[in-house]
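Okay, everyone, thanks for coming. Let me put the structure up on the screen, and then we'll walk through the sheet and the pocket.

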Amino acid sequence: MTNYVSYFLGPQVLGWLAAVLVIAGGLTWLLRRRLGRPGRQALFFLFLMSLGLVVVVTLLREPWLAACPDCLAEWGLAKVLAGRVSTEVWLNVVLFVPLALFATLLWRAPWRTAGAALLLSLVIEVVQPLVGVGANDLMDVVANTSGALIGAGAGAVVLLIADGLRRRDIGPGRVARVVLSIGLGLAVLVGAPTWAASTRQAAAVEKLEHLFAGTNLADYEANSEGAWNDKLYVVYDELGAPTMTTRNTDGVARTRYTWNIYFAVRCVFAEWTSVGFAAVPRSGADCTAPLDAVA
């Protein structure tokens, strides 16, 4: 994380941010009468600062290099499907939260704000390879849009509470729309990764039972090299390259496949004992604890 912070706080980025500060302040002052009350002026200033931060971090953080038009054909869908969340992904989520929040509070249009943020992210990802300041990445679009949805949703809740405190007629329909939107967002956020991880887990159980049915620990020890390793890696290759660990202790040979797809963790234990073979689906701590500590 320290490397990312030092990277984005370099002299070039700080210089551009100073310019954004001046531009945002100047535009806010020029439009102060049209904006009206000081609260709207402050929101407009914060919106411009957030927008400027997005542009600086994504397009101006380093000198432009050689263009790569061919890169526009490569969007890295496999990276999204793999479900890995890195520090860079989290930064892309966080980057769009304040932008969508201030835009929603300013214009009171959360869905249009989220849609505009999606378009902005797409434009950035197209421009980056054309000016040589990065590569287009579908994961960035997903992360940016997720951040925009979080910011817009938070803004909608703030507006709802503020209107209620001012005793404005907010109506049950508006409350229901906000609650439904948040509920659907959480359902997708949690449900989609859970479904993906559980689907791969079930497929692995079926595949392993097909490959190793009727075998036992003696068979494993006699065939643990060569052909059996190839069979184990078939499951690895066909089901999204999960984390794979193997251990042979205490009369039990185990290979664990773990799918960590965003917020969902599922795993399957391929276990050989003197009695026979079993493919056991598990979740939670069993999927992340050291393999020799799992009973």
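So, over how many bridges do strand β2 and strand β3 pair, and in which sense? They pair over 9 bridges, in the antiparallel sense, with β2 covering residues 252-261 and β3 residues 264-272. Quick housekeeping: this is a predicted model, where local features need pLDDT of at least 70 and side-chain atom pairs pLDDT 80 or more, while totals for chains, interfaces and linings use all residues. Residues are numbered from 1 along each chain as its sequence is written, and side-chain values use heavy atoms, without hydrogens and water. Strands here are DSSP E runs of at least two residues and helices are H or I runs of at least four, numbered from the N terminus; two strands pair if DSSP finds at least two bridges between them.

Back to β2 and β3. Trp259 sits opposite Arg266 in β3, and Asn260 is opposite Val265. Their hairpin has 2 residues between the strands, and Tyr262 there has a positive phi near 55°.

We've got an open one, 4 strands in the order β1-β2-β3-β4, with antiparallel pairing. β1 (243-249) and β4 (277-283) are the edges with a single partner strand each, so one side of each has no neighbour in the sheet. On average, neighbouring strands are turned by 20° against each other, direction ignored; axes are lines fitted to C-alpha atoms, for helices over the stretch in contact, and angles run from 0 to 180 degrees between N-to-C directions.

On the β1 side, 7 bridges join β1 to β2, with Asn248 partnered by Ala253.

Helix α11 (227-238) lies across β1, β2 and β3, at about 20° to β2. And β2 is mostly covered, with 9 of its 10 residues buried, meaning under 20% relative accessible area with a 1.4 Å probe, protein chains only.Last, the pocket: α9 supplies the largest share of the largest pocket's lining, 13 residues.

Terms used. Contact = heavy atoms within 4.5 Å. Buried < 20%, exposed > 50% of the residue type's maximum accessible area, 1.4 Å probe, protein only.
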